[in-house]
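Biologist: Could you take me through this structure feature by feature, giving the general idea before the particular case?

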Amino acid sequence: MLPTPKHRLMAAHVTDPALQPIERKVEEGIPLSLEDGLTLFETRDLHSLGRMARAQKERKSGKNVYYILNRYVNSTNVCYAGCKFCSFAVDEFKETDRVVRMAADQVMSKALETGTNFNQIHIVGGHDPRQLSLDYWLPLMRRFKEQVPHVQLSLFTAAELDYMAKRHRMKYPELIATLKSAGLDNVNGGGAEIFAPKTRAKICPNKVGTANWLEIHEELHRQGVASNATMLYGHIESLEDRVDHLIRLRESQRRSPGYNAFIPLAFHPDGNELNDCGWTTGLDDLRIFAVSRLMLDNFDHIKAYWMIQGLKICQVALHFGADDMDGTHGSTDEEMIYHSAGTQSGQYVDDREFRRLIEEAGYVPVRRNSTYDEFPHDWTPPPATREEVYA
Ligand code: SF4
């Protein structure tokens, strides 16, 4: 196709000429190829990359940037999977003083210790044979739904669901239907790591494989349970692995729509076997948000998760394609996965701070729940719910 006057005008803004045909494809809604993705990762023209991603973000969600009032709990750190990048898991027999394995009452009281004005409980944990079972989870999920029915249950990752299915000798559809009947609203995006088989085999050989991770999410969507997706970057993966990962997610979303957000997770090196990979850089972090936004044309949201890249990078990421900053996490001290691996982020962000950062970036802060229903920032749960909780 010959360049139109509009395309010639666009070209005047693009310094790296390799970006020009890619920008045209994005404008015309044509999915980007593996080669396009590599070009985006390799360009030195970060400003044009950011401008292209910001334009795509605004086509998707306008001026809105989302955040959620939520609570975050890691209910067990006992795990037998042995992922090389993990600093969180413990051997329950060799590291007895580090074991965290919460009783159901502890999870409830952690979630509710600062009140009930939140819209999501986010819980993930290790592959713990004593906790990752339906006997533990079904009653706990029903208690949440009885006591705080306005709170969406954002539980597990596909890796945990795969483990639970094996434990109970259940097929994925049966397990998912059982969890949905107890109130499961959303499954978290973790466990995706890197889909490229050779790299995956090196970093997490005992975890759910790529095909099963994707199949679990596609079955969740078929049954009406929402989910998110992640990618762990900044370790031994290649740029090809990153683009391959994004394309596999894009194809999965086409086969069975239901992913809400994509969340790039930066590798953290403290206390794990891949520590010689070091830390990701600010520029690499920004590039990931932009390339994700441009590659994942059928994902509505790209999340800049302050716990991972830090609040300051995440605010800048709003100009590189991100439209979500995740949640407050409550005032607990419960996030252990990234704090074990050396994150410098705290445990809690006040929702006023989210609004300040988003407005300063020129966007409109919007409070949401797991499935992106929107709420006024000062929404509170119905009084009857609170009376039930404190009865
Ligand atoms: S990343 Fe998850 S599955 Fe892997 S060792 Fe850590 S807790 Fe276990």
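This is a predicted model: local features need pLDDT of at least 70, side-chain atom pairs count only at pLDDT 80 or more; totals for chains, interfaces and linings use all residues.

Biologist: Which domains does the assignment give for the protein chain?

Modeller: The assignment gives domain 1, covering 5–60, and domain 2, covering 63–390. Their centres, taken over C-alpha atoms, are separated by 29 Å, and the contact takes 22 residues from domain 1 and 30 residues from domain 2.

Biologist: How should I read a sheet, and what is the order of the open sheet of 7 strands?

Modeller: In general, the strands of a sheet pair through backbone hydrogen bonds, and the pairing is either parallel or antiparallel. Here the 7 strands form an open sheet in the order E2-E3-E4-E5-E6-E7-E8, and the pairing is parallel. Strand E2 (70–74) and strand E8 (301–302) are the edge strands, each of which pairs on one side only.

Biologist: What pairing does the open sheet of 4 strands have?

Modeller: That sheet has mixed pairing, with the order E9-E1-E10-E11, and its edge strands, each pairing on one side only, are strand E9 (324–327) and strand E11 (374–375). Strand E1 (residues 64–68) and strand E10 (residues 364–368) run parallel and are joined by 5 bridges, with Tyr66 standing opposite Val366 in E10.

Biologist: How do I describe helix packing, and at what angle do the axes of helix H7 and helix H8 cross?

Modeller: Two packed helices are described by the angle between their axes together with the distance between the axes. For helix H7 (residues 158–167) and helix H8 (residues 172–181), the axes come within 10 Å and cross at roughly 105°, which means that H7 is roughly perpendicular to H8. Leu161, Asp162, Met164 and Ala165 of H7 make the contact with Tyr172, Leu175 and Leu179 of H8, and by class this contact has 6 nonpolar, no polar and 1 charged residues.

Terms used. Residues are numbered from 1 along each chain as its sequence is written. Side-chain values use heavy atoms; hydrogens and water are left out. Two strands pair if DSSP finds at least two bridges between them. Helices (H or I, at least four residues) and strands (E, at least two) are DSSP runs, numbered from the N terminus. Axes are lines fitted to C-alpha atoms, for helices over the stretch in contact, and angles run from 0 to 180 degrees between N-to-C directions. Angles under 35 degrees count as roughly parallel, over 145 as roughly antiparallel, 65 to 115 as roughly perpendicular and the rest as oblique. Contact means heavy atoms within 4.5 Å. Ala, Val, Leu, Ile, Met, Phe, Trp, Tyr, Cys and Pro count as nonpolar, Asp, Glu, Lys and Arg as charged, and the others, Gly among them, as polar. Domain bounds come from an automatic or database domain assignment.
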